[in-house]
Amino acid sequence: MRDDVEPVVGERADPGSRRAGAVTVGADLVDFRGGRFHGDVVAKKVEHHHYTAPATDALQSLPAAARGFVGRHDELHALLQSLDPAASSHGTVVISAVAGLGGVGKTALAVRAAHIAKDRGLFPAGVVFLDLHGYDETPVTPGEALEQLLTAFGVPGEHMPASADARAGLYRSVLTEIAEDRGALLIVADNASRPSQVRPLLPGHPRHRVLVTSRDTLSQLGAQLLHLGVLPAQVAVEALNTALRTADPRDSRVDREENEAQRLSALCGHLPLALHIAAALLVNDPGKPVAELADELADAATRIDQLDDGERAIRAAFDMSYRRLDDGSARLFRLLALAPGPEVGMEALTALGGSTPAPRALDTLVRAHLIEPGLSRGRWRMHDLVRVYGMAKTRENAEFTDEGQAARARLLDQYHERVLDSHVYLKPMSGHTRDGGFRDREQALRWLDTERVGLVAAAQWAADPALAEPGVRFALSLCHYLGWRNHFADAAVVYRHVLDGARLLQDPYYEGMAHDNLGIALRHLRLLDEAMAAHRRALELFAELDSPLGQGRAWYNLGSALQEAHHHDQALEAFEEADGLLNESGAQYTAALAQNGRATVHLKTGHFHKALDCLNPARDLFRSIGDMYLEAVTTNNLGRARRGLGHLDESRLDHARAMELFQAVGHDQRAAIARNDHALTLRAMGRLQQALVEHAEALRAVREQRAQYREAIILNDLGVTLRRAGRHEEAAECHRSALTLHRDVFSDPHGQARSLDLYAVAALALGRSDDALRAWGDAVRLYREADAEDAAQAALRRIEGAGRDARGPRSQEAAHG
């Protein structure tokens with residue numbers, strides 16, 4: 001097992017208002033209290049709470065129910081019937097999909113139904129709310145949605161599985177535990193745009209429910225559907241009246257102008273969102289007659305072009321709100337619509353606008369219901385349709401288009417500088433400092449974690465022809481952070497966009513870096529064939545450029561992928577090529593990584609003296625430049641080499657030192673791996689009970705971190721130690737558990753084969769010879785599928801030995817070592 005490679009970085013190596021007291025009225029209506037208005041102001045406040053440890057509050061993240069909810073009685077009754085866990089047939093998971101036009105009030109209905117169901121005690125485990133942002137430029141991916149839900153269930157972000165498939169398996173497992181411990185749970189998945197966003201969120205346990213809202217039917221889900229249409233005409237008028245009277249009980253404009261109120265609601269298409277914006281305009285101008293606003297909306301309807309009939313009224317309402325903005329507020333609104341991710345903070349807004357936005361401009365946008373506060377103070381978000389509208393306003397005007405592109409370029413430059421500031425702590429080296437950066441690693445990671453969704457979204461601008469140069473440069477700078485936090489699914493998305501940007505720029509160097517970094521991400525996602533193909537393409541590009549440094553890095557990363565695929569001879573050749581090229585180009589740091597790579601091959605093939613020859617100088621170099629992480633990596637590998645040579649006291653000290661270093665730099669997962677290696681050395685010393693304690697602690701740590709690939713490795717190591725201690729049944733169970741992970745989570749033929757191989761030894765020790773022979777037969781097949789013929793032949797010899805030796809356990813113990 002070797003440690004991570006150095007990713008390729010983006011630099012060329014060769015030449016106002018108060019919110020207190022707000023309440024919600026109508027279906028989704030938001031109105032505001034401010035110093036300029038008489039009486040109370042009403043607003044809709046949606047709060048999402050995220051915790052990094054298990055907490056009951058995290059399972060109660062439902063937004064507040066709307067006050068003054070009108071209409072929808074039949075739909076609400078049908079929805080509650082379908083949500084009732086007692087109403088389902090055996091083994092059936094009922095999903096109620098509320099489908100309808102954007103702005104029709106799906107979220108308001110879903111939240112109201114969820115509150116009623118919660119109050120009735122239908123979901124004792126809680127209710128979790130998740131906005132999938134299906135119609136944003138960058139919708140929430142299944143992997144991101146699973147990450148948010150797992151975080152609500154108590155899984156820390158830094159310990160999240162890398163791939164969406166692994167997260168889905170963990171998600172279903174956690175939901176089963178919740179069902180058994182707490183009972184039924186309701187998940188409200190709001191604003192889905194396609195079935196693939198929702199399918200991974202479906203629980204395997206029949207007690208739980210998922211309530212989905214979408215503008216599309218999502219019939220492919222096979223779910224119980226509730227189609228939500230526009231409000232009946234009279235209910236729409238009632239919504240207007242309720243909104244105005246909630247803001248000011250004395251406001252009787254709707255009663256006085258009943259016919260004009262009907263006309264206004266019709267111009268809004270009887271859509272709740274359009275009605276709410278119209279009501280906000282009336283509340284903001286208490287002297288404005290309903291008829292005047294109706295006349296304005298009627299005129300604006302001619303400006304609708306790209307939207308369908310239902311969207312037309314929403315466009316009209318947005319136009320009216322936009323026309324009332326002063327120039328500064330209008331500019332800020334357009335820039336906010338261009339911001340990446342679902343919400344934006346003050347730092348990004350300042351970069352977009354070129355200066356800190358005026359509090360009054362933000363206050364104006366909030367009161368006009370064009371933006372709303374984000375999940376934390378100082379952050380803002382837009383409704384999907386508002387964002388689409390704002391982007392359309394930018395495209396309609398050439399001057400605004402140029403302004404928008406310049407704003408995005410400024411944001412990319414700002415993000416790039418901040419990410420480079422973080423490298424001081426994520427790639428620590430002596431003399432590597434930047435003025436004005438972060439205070440420490442914790443602060444850097446906190447900023448990166450907060451901005452991650454926006455950073456990844458902005459990195460995708462690399463594929464925009466107008467932003468390719470700054471976009472590619474910024475996107476490549478994310479490599480260290482995405483690797484540190486194991487966000488390799490995000491990394492794969494980012495580097496695919498970098499490839500597009502590099503091709504737009506016709507820059508083969510950037511294209512080579514993008515392929516190389518993409519290969520690293522794919523390797524961690526266990527897509528090894530794709531990873532090797534990416535590194536080979538990088539090699540071709542760097543060879544055409546005659547770049548020894550680029551070729552050396554690509555050879556090194558290819559060797560890492562080959563090593564993971566158990567192609568040891570090819571991996572060694574790749575590392576040797578990398579070593580020569582990197583030394584030729586003077587890149588001693590990366591050359592030391594290649595030496596560590598060569599050492600891992602020697603460890604796997606039993607050439608322990610050769611491994612030591614590679615590891616000692618590499619360890620010394622990393623220590624001299626202050627890279628504690630890679631010093632820990634090479635120190636732990638030194639312990640493995642010394643164990644192989646029988647120098648067990650030195651090996652034990654190496655692993656203990658590696659644990660200390662990994663803990664010092666905050667890599668708990670790597671510390672657990674070093675602890676497991678320590679256990680292997682203790683086992684070799686015959687100190688089996690101490691070894692079992694160390695294995696157990698390492699296993700607990702990786703399970704706590706949800707590092708399932710490491711868990712499978714440690715389970716197999718623990719199984720062998722248990723067998724040595726005569727605890728054969730427990731050993732067999734460990735190997736079965738490892739097999740399940742390698743098969744169901746990672747689809748790893750070699751991992752499955754090794755687990756079966758070890759299980760067969762334990763089964764034979766238990767006298768289950770038929771079971772052992774079947775397991776070895778399956779192991780041979782899987783070893784060959786993984787192109788590991790030597791391992792397959794060794795398993796065949798064990799099969800033959802089991803047939804010859806009635807004392808199978810003793811002979812197999814010796815054969816398997």
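Reader: Two strands pair if DSSP finds at least two bridges between them. With that settled, which residue in strand 3 stands opposite Val128?

Author: Ile187 in strand 3 stands opposite Val128. Keep in mind that this is a predicted model.

Reader: In what sense do strand 2 and strand 3 pair, and over how many bridges?

Author: Strand 2 pairs with strand 3 (residues 185-192) in the parallel sense, over 6 bridges.

Reader: Which residues are on each side of strand 2?

Author: One side has Gly126, Val128 and Leu130. The other has Val127, Phe129 and Asp131. Both faces are covered. In a regular strand, side chains alternate between the two faces of the sheet.

Reader: Zooming out. How many helices and strands does the protein have?

Author: The protein has 36 helices and 8 strands. Of its 817 residues, 59% count as buried. The accessible surface comes to about 32,100 Å², and 48% of that belongs to carbon and sulfur atoms.

Reader: On to the core. Which residues of the largest nonpolar core touch the most other members?

Author: Phe333 and Phe474 do, in a core of 110 residues. Nonpolar side chains tend to be buried together in soluble globular proteins.

Reader: What does Phe474 touch, not counting residues up to four places away in sequence?

Author: Phe474 touches Leu412, Tyr415, His416, Val419, Leu455, Ala458 and Ala459. There is also a second, separate core of 51 residues, with Val98, Val237, Ala243 and Ala261 among them.

Reader: How far apart are Thr394 and Phe333, C-alpha to C-alpha?

Author: They are 9.9 Å apart in space and 61 residues apart in sequence. Thr394 lies in helix 15 (residues 384-395).

Reader: Is Thr394 buried or exposed?

Author: Thr394 is buried, because its relative accessible area is 6%. Leaving out residues up to four places away in sequence, Thr394 touches Arg334, Phe400 and Thr401.

Reader: Switching to helix 28. What does it reach from its first C-alpha to its last?

Author: Helix 28 (residues 648-664) reaches 24 Å with its 17 residues, close to the 24 Å expected at 1.5 Å a residue.

Reader: What do the buried residues of helix 28 pack against?

Author: They pack against helix 27 (628-644), helix 29 (668-684) and helix 30 (688-704). The buried residues of helix 28 include Leu648, His655, Met659 and Phe662.

Reader: Which residue takes a positive phi just after helix 28?

Author: Gly666, with a phi of about 80 degrees. Just after helix 25, Gly606 takes a positive phi of about 80 degrees.

Reader: Now residues other than glycine. What is the phi of Asn486?

Author: Phi of Asn486 is near 60 degrees, a positive value. Most residues other than glycine have a negative phi. Asn486 sits in the loop between helix 19 (479-484) and helix 20 (488-505). Asn486 counts as partly exposed because its relative accessibility is 22%.

Reader: Where does Gln506 lie?

Author: Gln506 lies in the loop between helix 20 and helix 21 (508-524). Its phi is near 55 degrees, also a positive value. Gln506 counts as exposed, at 72% relative accessibility.

Terms used:
Residues are numbered from 1 along each chain as its sequence is written. This is a predicted model: local features need pLDDT of at least 70, side-chain atom pairs count only at pLDDT 80 or more; totals for chains, interfaces and linings use all residues. Side-chain values use heavy atoms; hydrogens and water are left out. Helices (H or I, at least four residues) and strands (E, at least two) are DSSP runs, numbered from the N terminus. The expected span of a helix is 1.5 Å times one less than its number of residues. Buried means under 20% relative accessible area, exposed over 50%, partly exposed in between (1.4 Å probe, protein chains only). Contact means heavy atoms within 4.5 Å. A nonpolar core is a set of buried Ala, Val, Leu, Ile, Met, Phe, Trp, Tyr and Cys residues joined through side-chain atoms within 4.5 Å. Accessible areas come from the Shrake-Rupley method with a 1.4 Å probe; for residues, only the protein chains shown count as cover.
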